[in-house]
Amino acid sequence: VGGLTIDRQCAGGLDAVLLAVALVEAGRHEMILAGGAESYSRRPLRARIPPGGGAAEPYDQAPFTPWPERDPGMAEAADALARELGIAQAEQDAWAVESHRKAQALPEARRAAEIVPLAGLEADAFTRALTPRLCARAPRVTGSITAANMAVAADGAGLVLVVSERAARRLNTPGLALLGRASLGGDPERPGLAPVAAIGAALTEASLAPSDMSAAEIMEAFAVQAIACQRGAGLPEEIVNLAGGALARGHPIGASGAVLAVSLFHQLRHDGGPGLAAIAAAGGLGTALVAEMR
């Protein structure tokens, strides 16, 4: 079977789904398995050779923009966003605590329906009974960003089956119908805000407003980024990440966008109504989709 890999950092899993949708809409394929996978624990060691030659220099983060001075580390960019928007560490910690609480409160049957057991693993490993006191003790990364209010880099995968309307009728099983989508570029120095414009564009295509959504799956690479996207897009806080987010389950970078789509499917299957998924990526990329259960 032919395959295709794309590289869009954190947005890759969701952009793969949207690319599959475009190929099906174009009539090129009837069914495409799309999503993302990340083996962060087995990522390769990387090094670069200086322009003038010499010994190789190891590096962890690849450059995400053409401008070195506008290519911030993700934690530094999140802290700058927190300072710009006046979102204090206590507010970020409270969001993280709530993410873990909602993930733990999810009924076991709902959790089991969403996760495929693999190699003896049947649940995400990072969810815990997080408290403000534990958050206060978490190691500080930079500024207001700590190990408690940023997602753990994780291993994981998420996949969806994208099908044509004809194939959907043949399968005769519930699925999400795409109403709107957008993948946009934004300010590379403020990558956490990139989904706001993408959410607005996807909602406009769907002829819907934020208040029409019954559920919103927003990436939680950092609590401050999720808060900024929820507020910037005008989404009611009570519909965001109803079963917890990446702060509670981890952030398998290449897979996270697809995980949002999977979570949205299960949330809408339970609650009905239209919903959206959105994710930010390094370099100032934002991707969003709006869908409803059919």
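Modeller: Here is a walk through the salt bridges, pair by pair. This is a predicted model, where local features need pLDDT of at least 70, side-chain atom pairs count only at pLDDT 80 or more, and totals for chains, interfaces and linings use all residues. Residues are numbered from 1 along each chain as its sequence is written, and side-chain values use heavy atoms, with hydrogens and water left out.

A salt bridge here is a side-chain nitrogen of Lys or Arg within 4 Å of a carboxyl oxygen of Asp or Glu. The count comes to 13.

Take Arg 166 and Glu 30. Their closest N and O atoms are 2.2 Å apart. Arg 166 is in helix α6 (residues 165-171), while Glu 30 is in the loop between α1 (12-25) and β1 (31-38), 136 residues apart. Helices (H or I, at least four residues) and strands (E, at least two) are DSSP runs, numbered from the N terminus. Arg 166 is exposed at 53% relative accessibility; Glu 30 is partly exposed at 25%. Buried means under 20% relative accessible area, exposed over 50%, partly exposed in between (1.4 Å probe, protein chains only).

Next, Glu 189 pairs with Arg 70, with closest N and O atoms 3.7 Å apart. Glu 189 lies in the loop between β7 (176-185) and α7 (194-206), and Arg 70 in the loop between β3 (57-59) and α2 (74-85), so the bridge ties together parts 119 residues apart in sequence. Glu 189 is partly exposed at 38%. Arg 70 is partly exposed at 27%.

Last, Arg 181 bridges to Glu 205 at 3.4 Å between the closest N and O atoms. Arg 181 is in strand β7 and Glu 205 in helix α7, 24 residues apart. Glu 25 joins Arg 181 and Glu 205 in a network of salt bridges.
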